Amino acid sequence: MQFLSFPEAATPPDLRAQVRELHDEAWPPSDPPADHDSGTGHDPALHPRSMLLVDDGTVLAALDILSKPLVHAGRHYRAGGLSTVVTRQAARGRGHGRRLAAAAREAMSRSGLDLGVFTCDRPLRSFYESAGWQLLPGTVLVGGTPTAPFPSDRPGFDKVTMADFFSATARGSHATFRHTRLELYPGEIDKLW
C-alpha cells in the first residue's frame, strides 16, 4: 500500500475515475452528470489536493485537502481542511480511512499551513480523533460566503469541528479557536469543508 498525492486536477485519469466511483458509492448522485469524466469537484481557488491510499492500483481510500487564508481574532493564518473523505465500501473496517486521515494531517503539518480545521458528522468524531485530530468544543465553522453564510450549526446538521495546530503562531492562539464562530467562507462550491 502507498499514499499518493496530486493536485486534484492532475490526478491520473484511472485513479480519478476510481475516486469518482467511491464518491458515487458513498454519496449516490441524484442526477448523473452530463460528462462523468470532465472537471474536478472543488473550487480551484481552494488549491484542492487529492490524497489516496492505493494498493496494487486500487484506490482503497481517498480525501481532498482544501486550503485558503483565514483571518480570526485579528490574526492571519494559512488554513486547510479535509473534504470528501471516503473508503471503498468493500475495504471498510480495516483502518484504511484512519491511516489516510492521519497521513493527511502529517502532510498538512509539513506543507506550511498554520492549522487544519474542518467539520464532520458528530458520530465520526472518534474516527478523526484516532487519526490525531482534536475536537474544537463549541466551535462553529461558517462556510459559504459573507453574503450567503453556511454555518455548521444549521438546523438539521449535527456537526462538530475538528482541528490541529501546526505552526507556533496557531498553537499559541489555540484557545481563540474554541467556543467561537470561525468565519472560513470557502465559497459557493465548497460551502463547508
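Two residues are in contact when heavy atoms lie within 4.5 Å. By that rule, and leaving aside its neighbours within four places in sequence, Ser173 is in contact with Arg75 and Tyr77. The model described here is predicted.

- Ser173 sits in the loop between helix H4 (168–172) and strand S10 (181–183).
- The relative accessible area of Ser173 is 6%. Buried means under 20%, so Ser173 counts as buried.
- The side chains of Ser173 and Tyr77 are joined by a polar contact of 3.1 Å.

**The nonpolar cores**
- The largest nonpolar core has 37 residues. Leu70, Leu82, Leu115, Tyr128, Trp133 and Phe177 touch the most other members.
- Several elements each supply at least two residues of this core: strands S2 (49–55), S3 (58–72), S4 (75–87), S5 (115–121) and S9 (159–165), and helix H2 (96–110).
- H2 gives the most to this core, with six residues.
- A second core is separate and has ten residues. Among them are Leu4, Leu15, Leu22 and Val59.
- What is Leu115 in contact with, leaving aside its neighbours within four places in sequence? The list is Leu70, Tyr77, Arg78, Ala79, Gly80, Asp164, Phe165, Phe166, Ala170 and Phe177.

**Helix H2**
- H2 has 15 residues. At 1.5 Å a residue, H2 should span 21 Å. The C-alpha atoms at its ends are 21 Å apart, so the two values agree.
- Buried residues in H2 are His96, Gly97, Leu100, Ala101, Ala102, Ala103, Ala104, Arg105 and Met108.
- Gly112 follows H2, and the phi of Gly112 is positive, near 95°.

- Strands of a sheet pair through backbone hydrogen bonds, and the pairing is either parallel or antiparallel.
- Here, three strands form an open sheet with mixed pairing, in the order S8-S7-S10.
- Which strands lie at the edges? They are S8 (149–151) and S10, and each pairs on one side only.
- On average, neighbouring strands of this sheet are turned by 30° against each other, direction ignored.
- Strand S7 (residues 140–144) pairs with S10 in the parallel sense, over three bridges.
- Leu141 has Leu182 as its bridge partner in S10.

Definitions and conventions. Residues are numbered from 1 along each chain as its sequence is written. This is a predicted model: local features need pLDDT of at least 70, side-chain atom pairs count only at pLDDT 80 or more; totals for chains, interfaces and linings use all residues. Side-chain values use heavy atoms; hydrogens and water are left out. A nonpolar core is a set of buried Ala, Val, Leu, Ile, Met, Phe, Trp, Tyr and Cys residues joined through side-chain atoms within 4.5 Å. Buried means under 20% relative accessible area, exposed over 50%, partly exposed in between (1.4 Å probe, protein chains only). Helices (H or I, at least four residues) and strands (E, at least two) are DSSP runs, numbered from the N terminus. A polar contact is a pair of N or O atoms within 3.5 Å; within protein, one must be able to donate a hydrogen and the other to accept it, and residues adjacent in sequence count only if both atoms are side-chain atoms. Two strands pair if DSSP finds at least two bridges between them. Axes are lines fitted to C-alpha atoms, for helices over the stretch in contact, and angles run from 0 to 180 degrees between N-to-C directions. The expected span of a helix is 1.5 Å times one less than its number of residues.
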